[in-house]
Amino acid sequence: NKLPIGLVTSATMTQRLPKLLEGIRPGAFDLKPFANEQDVRQAILEREVYGAILLEPTKPADFKVLTASAGSPGVAQLIGVIGGQIGTLLSASGFTAPILEDVVPATRDDPRQAALVGSALPLVISGIVSGLLLTMRLQTASERIVAILLVAVFTRFAITSIVQFGFKTLEGSYLTNSLIASLAVAAVVSFEVGLGSSFGARGLGLAAFTMMLVANPFSALSSAPEMLPGIWGTIGQLLPLGAFGHLLRSVAFFDGHGANQPFWVLLGWVIFGLTLVLFGSRQSNQTATRSLATH
């Protein structure tokens, strides 16, 4: 996997710069050429690239590196470091350290987005615990579905309030951000209840394992999907936590650009979980009915 980075430069540097970057960080970047600075800025705003390098051989003073720390603070820092290394390598041609500009910055109060990264584990644990209790205490599908929706509604306010107002990590509409958190909570809880309803203790264990040991570490909340090994970055974005992080950042900082896929991923998990709840509850009722009939 390679990080998509925009490039605005001359034809000669279009050939040379990839070789420089390959020497600095082999296999790390997918360079995408743009005609001018305006186009590459728009690409950053639309989450097509993580940042950009603007380098004109005849104008060393105009050497720029654009980043978007709101999309990934770790990647933004990496691009800035790479820009400095390019300046060092080209120092004989008059280049120095680039002008760094954060086009879409994270908030000043939480520039590393630590609260967003830290919210993943509580979200998963609360979802697992809630799913376990709902599966054990409630019997009918309607009861379980209503309870899942209530858990999602009330938990979302707590999570979003802490992240947006407590740590001031997020921008944008609190209501919209809380709706995204609600989708994520509903995805985790419905999956837990659905597998528990359908397969009992084994289902509860499998759901907990999936969310805690697969979805959480491969969510890329602290880095980027492209920085994970092999296909795990792609898999992580198809799981609730990865989709939650990407969707929340897209809505809070990028005016919704890049939000389509993670939204449908989260909604798909909710529908899948609720379908499992219906299936499992019906199966349990049929088993109970046959048991009563034999007695």
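The legends below describe close-up views of a predicted model.

Residues are numbered from 1 along each chain as its sequence is written, and side-chain values use heavy atoms, with hydrogens and water left out. Local features need pLDDT of at least 70 and side-chain atom pairs count only at pLDDT 80 or more, while totals for chains, interfaces and linings use all residues.

View 1. Helices (H or I, at least four residues) and strands (E, at least two) are DSSP runs numbered from the N terminus. S250 counts as buried because its relative accessibility is 0%; buried means under 20% relative accessible area, exposed over 50%, and partly exposed in between (1.4 Å probe, protein chains only). A polar atom of the S250 side chain lies 3.1 Å from the backbone oxygen of H257. Neighbours within four places in sequence aside, S250 is in contact with R47, D255, G256, H257, G258 and A259, contact being heavy atoms within 4.5 Å.

**View 2. Helix α2 (residues 37–45) and its buried residues.** V40, A43 and I44 of α2 are buried. These residues lie on the same side of α2, because they cover an arc of only 100 degrees around the axis; the arc is that of the directions from the helix axis to the C-beta atoms. Their cover includes β1 (3–9), β3 (52–55) and β4 (64–67). At the start of α2, a side-chain oxygen of N36 comes to within 3.2 Å of the backbone nitrogen of Q38.

**View 3. The largest nonpolar core, of 66 residues.** A nonpolar core is a set of buried Ala, Val, Leu, Ile, Met, Phe, Trp, Tyr and Cys residues joined through side-chain atoms within 4.5 Å. I44, V104, L123, L134 and F244 touch the most other members. α7 (174–215) is among the elements giving two or more residues to this core, and α7 gives the most, with 17 residues. Not counting residues up to four places away in sequence, L134 touches R144, A147, I148, V151, V189 and V193. Another core, of 22 residues, lies apart from the largest one and has L20, Y50, F63 and V75 among its members.

**View 4. Lining of the largest pocket.** A pocket is an open set of points on a 1 Å grid over the protein atoms alone, where a 1.4 Å probe fits, with protein on both sides within 12 Å along at least five of seven lines; lining residues have an atom within 4 Å of a point. Of the 31 lining residues, Y50, P225, E226, Q237 and H246 are the closest to the centre of this pocket. α8 (232–237), α9 and α10 each supply at least two residues of the lining, and α9 gives the most, with five residues.

Terms used. Polar contact = N/O pair within 3.5 Å; in protein donor to acceptor, adjacent residues only side chain to side chain.
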